[in-house]
Amino acid sequence: FLSNDVRVELPKDYHVNAGYHADFWSVMSEYSHGFQGNTLRGGAEYRAGVIEFRGGGVYSREKWNPTGGVGLNFSPRVGLDEGLPGTIAWYRREGWL
């Protein structure tokens, strides 16, 4: 058999993340540097009884993409979540921008 060796190098991608969970709230964040440049992600959640409020965002390729949502817990294992899209493309496609 003829052998054609191919060497492929994948780009380096570094990630650092942190989070904190308390009784009624949580926060998470992540920073990455690599193939897509610098990316920053973050979010927070507040639990007020059966309702949960969420917000966050991503900074990537020199653009901010915020997002948010709310959740309703019917039981410890069943709930309903509604979120807002976190990309500008969705708003443009829907004709909002």
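User: Why does Tyr59 count as partly exposed?

Analyst: Tyr59 has 28% relative accessibility. Buried means under 20% relative accessible area and exposed over 50%, with partly exposed in between (1.4 Å probe, protein chains only). The value for Tyr59 lies in between, so the residue counts as partly exposed. This is a predicted model, in which local features need pLDDT of at least 70 and side-chain atom pairs count only at pLDDT 80 or more, while totals for chains, interfaces and linings use all residues. Residues are numbered from 1 along each chain as its sequence is written, and side-chain values use heavy atoms, with hydrogens and water left out.

User: What does Trp64 count as, buried or exposed?

Analyst: Trp64 has 56% relative accessibility, and therefore counts as exposed. Trp64 in strand 5 stands opposite Tyr59.

User: How many aromatic pairs does the structure hold, and what makes the pair of Tyr20 and Trp25 tilted?

Analyst: There are 2 aromatic pairs. In one of them, Tyr20 and Trp25 lie 5.4 Å centre to centre, with 40° between the planes. Rings of Phe, Tyr and Trp (its six-membered ring) pair if their centres lie within 6.5 Å; planes under 30 degrees apart count as stacked, over 60 as edge-to-face and the rest as tilted. Tyr20 is partly exposed at 47% relative accessible area, and Trp25 is partly exposed at 38%.

User: Why is the pair of Tyr59 and Trp64 tilted?

Analyst: The ring centres of Tyr59 and Trp64 are 4.8 Å apart and the planes stand at 45°, so the pair is tilted.

User: How do you know that strand 4 and strand 5 pair?

Analyst: Strand 4 (residues 51-60) and strand 5 (residues 63-73) share 10 bridges in the antiparallel sense. Two strands pair if DSSP finds at least two bridges between them; strands (E, at least two residues) are DSSP runs, numbered from the N terminus.

User: What makes Arg41 and Glu30 a salt bridge?

Analyst: The closest N and O atoms of Arg41 and Glu30 are 2.7 Å apart. A salt bridge is a side-chain nitrogen of Lys or Arg within 4 Å of a carboxyl oxygen of Asp or Glu, so this pair qualifies. The pair links distant parts of the chain, with Arg41 in strand 3 and Glu30 in strand 2, 11 residues apart. Arg41 is partly exposed at 35% relative accessibility, whereas Glu30, at 19%, counts as buried.

User: Where do Arg54 and Asp81 lie in the chain?

Analyst: The side chains of Arg54 and Asp81 meet in a salt bridge of 3.2 Å, N to O. Arg54 belongs to strand 4 and Asp81 to strand 6, 27 residues apart. Arg54 is partly exposed, with a relative accessible area of 28%, and Asp81 is exposed at 52%. Both residues are in a network of salt bridges that also links Glu45, Arg47 and Glu52.

Technical notes:
Helix = DSSP H or I, 4+ residues; strand = E, 2+ residues; numbered from the N terminus.
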